[in-house]
Amino acid sequence: MTRNIPEPILGLLHDIGEVAGTGSYLVGGFVRDLLLKRPSLDIDIVVEGDAIRVAQALCERWNGTLEVHAQFGTATVAPENTDLPKVDFVTARRETYQGSGTLPIVQSGSITDDLRRRDFSINTLAMRLDQTAFGTIVDETGGLKDLESGVVRVLHNRSFIDDPTRIFRAYRYAGRYGFQIAKNDARLIREALPVTAQLSGERIRNEIDRVLLEKNAPEIVEQLTELGIWETICAGWQMSSDFASDFRAAQRAIAWASEHLADEAFDQAFVRWMALFGTQTPIYQIEALSFRLILEHRLQRLVSPAQAENRQVSLEKVTHVIFEKLGYPLSQNAVIEHHNGKWCIVDADVSIGKGKTYISGDGSLFRVETRLTAYKQLKEALALLKRSVKPSEIYRLFKPYPTEALVLASEGTTVAEWGREKIRDYLLVLRKVQPLITGKDLIAFGEKPGQTFKTRLWQLFAAQLDGEIKTKEAAYSRLEKINSNG
Ligand code: ATP
Ligand code: MG
């Protein structure tokens, strides 16, 4: 089995065994992937005793750099040779859960304790590193058998209730390796599903982020949809049925951007999330989710504490009457949930427009603003676009959108090829055009800053984009012409 370990990593593992002796183990994903003959990068070492001391000794041997998290008993060593991977060292520990969906209490323990705190049997395999038994697999929970038969199985019946992030993890491994979730586990997952609602926004977001990094994300998402997880996380959230095609578009978009926009900031996770919301998720729902899952958003204040006081209402308590008094009437079906220390009020009622999301807290009332709606809005705008559209109109239309949304739309299969061409042309050429005439030029020409000034600047730039003027002189004579026509 150690035959399949790449030579440089094998060297590192022997070093660790030599330094740490008995009580040092390679654990988790690396062992699992090694047995599955898949490449793996995360090298996780468990040490019975003091992992930090062991890490320090190896850091010296590898002439590397050390990062210590004393309160967790963990350390990471990056060897000097940058071809070699980083190695994570953790002190063997025991975990006890006090409340569902919260983080556990941690104490130091034996390798057995450490393996028993883990999620699935396939992740519970350890490999001994001490020289006397280097390479021996420790299998205390039937992980080898499950790996062979392709089964994802928790170690005890409370596992998903203790930590519902394991629900995402179970589907992620099943989807990645083509494994089945054990029958009993499928039942345990359904029982634990409501506890998912108690998870913090960050923890859910991290799990979804990791699902979206999987090649099989569409299949995994489909399974999670069948389970009904989205509705549990945020009332009314329905997965878009186009996700598979939007996800493939996101993958192409990321590949395209790393080739053509290599020296620009381009947020790949942002692209994947826009694809997840797709075009079917209503705007108010995307806003609510950006708040719930602590994705990119900002709160725009609608009512300040002083304004609330003037109207003799307190925004610490959310009721229909209070909203009525503030001039934002809610429908009877509005959903009011407490998240991230504030109230999130989602009103899907179409009679009040397209549905609204409000946030209430700190004595204020807010609306959520997020750029995550850009892809959906851009696609709506594209549907109205005519093929004969001028470059200046394209420029004005696309300018407000984040690059990520534009690249994603340019890879979308439902956008006409000519429309995709226009987006690529905008990204590669149009948006980089420098105006022939700047504000400074206009002032020197005797124009006074103001609304007309802005209009003139745009008119000249638009004419330039449309190829009507090509030199500064041409721009000035165009300006004289516009001015003389009023
Ligand atoms: P991947 O290839 O997805 O990174 P991994 O097995 O390395 O898989 P990590 O999330 O990196 O998974 O975690 C490392 C190890 O820590 C896992 O193999 C598992 O044993 C343990 N672990 C991680 N998350 C949990 C959890 N929520 N509950 C219990 N054990 C966990
Ligand atoms: Mg890992």
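Which residue in E14 is the bridge partner of His 339? In this predicted model, the bridge partner is Lys 342.

Strand E13 covers residues 335–339, and it pairs with E14 in the antiparallel sense over five bridges. Together, E13 and E14 make a hairpin with two residues between them. In the turn sits Asn 340, whose phi is positive, at about 50°. On to the next neighbour: E14 is also joined by five bridges to strand E15, residues 356–361, and these two strands run antiparallel. Here Trp 343 stands opposite Ser 360 in E15. E14 itself, residues 342–347, is mostly covered, with five of its six residues buried.

That brings us to the cysteines. How many disulfides does the count come to? The count is zero. Cys 234, for instance, is in no disulfide, and the nearest cysteine sulfur to it belongs to Cys 344, 6.2 Å away.

Let me now step back to the chain as a whole. The domain assignment gives domain 1 at residues 2–149, domain 2 at 298–369 and domain 3 at 439–484. Taken over C-alpha atoms, the centres of domain 1 and domain 3 are separated by 66 Å.

Ala 265 lies between helix H12, residues 243–260, and helix H13, residues 268–277. Is Ala 265 buried or exposed? Ala 265 is exposed, because its relative accessible area is 73% and the threshold for that class is over 50%. Although Ala 265 and Thr 403 are 138 residues apart along the chain, 9.1 Å separates their C-alpha atoms.

The largest pocket has a volume of about 1,700 Å³. It is lined by 48 residues, and those closest to its centre are Asp 44, Asp 119, Arg 169, Tyr 173 and Arg 210. Among the elements that give two or more residues to this lining are helix H2 (29–35), strand E2 (43–47), helix H7 (165–177) and helix H9 (201–212). H7 supplies the largest share, seven residues. By class, the lining of the largest pocket holds 16 nonpolar, eleven polar and 21 charged residues.

The second largest pocket contains about 310 Å³ of space. Of its 14 lining residues, Tyr 171, Gln 180, Ile 181, Gln 223 and Glu 226 lie nearest its centre. The elements giving two or more residues to this lining are H7, strand E11 (180–181), helix H8 (183–192) and helix H10 (217–227). Which element gives the largest share of the lining of the second largest pocket? That element is H10, with five residues. The lining of the second largest pocket divides into seven nonpolar, four polar and three charged residues.

Terms used
Residues numbered from 1 in each chain as written. Chains lettered and ligands numbered in written order. Predicted model: local features only at pLDDT ≥ 70, side-chain atom pairs only at ≥ 80, totals over all residues. Heavy atoms only, no water. Domains from an automatic or database assignment. Helix = DSSP H or I, 4+ residues; strand = E, 2+ residues; numbered from the N terminus. Buried < 20%, exposed > 50% of the residue type's maximum accessible area, 1.4 Å probe, protein only. Disulfide = S-S within 2.5 Å. Pairing = 2+ DSSP bridges. 1 Å grid on protein atoms, 1.4 Å probe; cavity = no way out; pocket = protein on both sides within 12 Å on 5 of 7 lines; lining within 4 Å. Points joined across faces, edges and corners; volume = space filled by probe spheres on them. Nonpolar A, V, L, I, M, F, W, Y, C, P; charged D, E, K, R; others polar.
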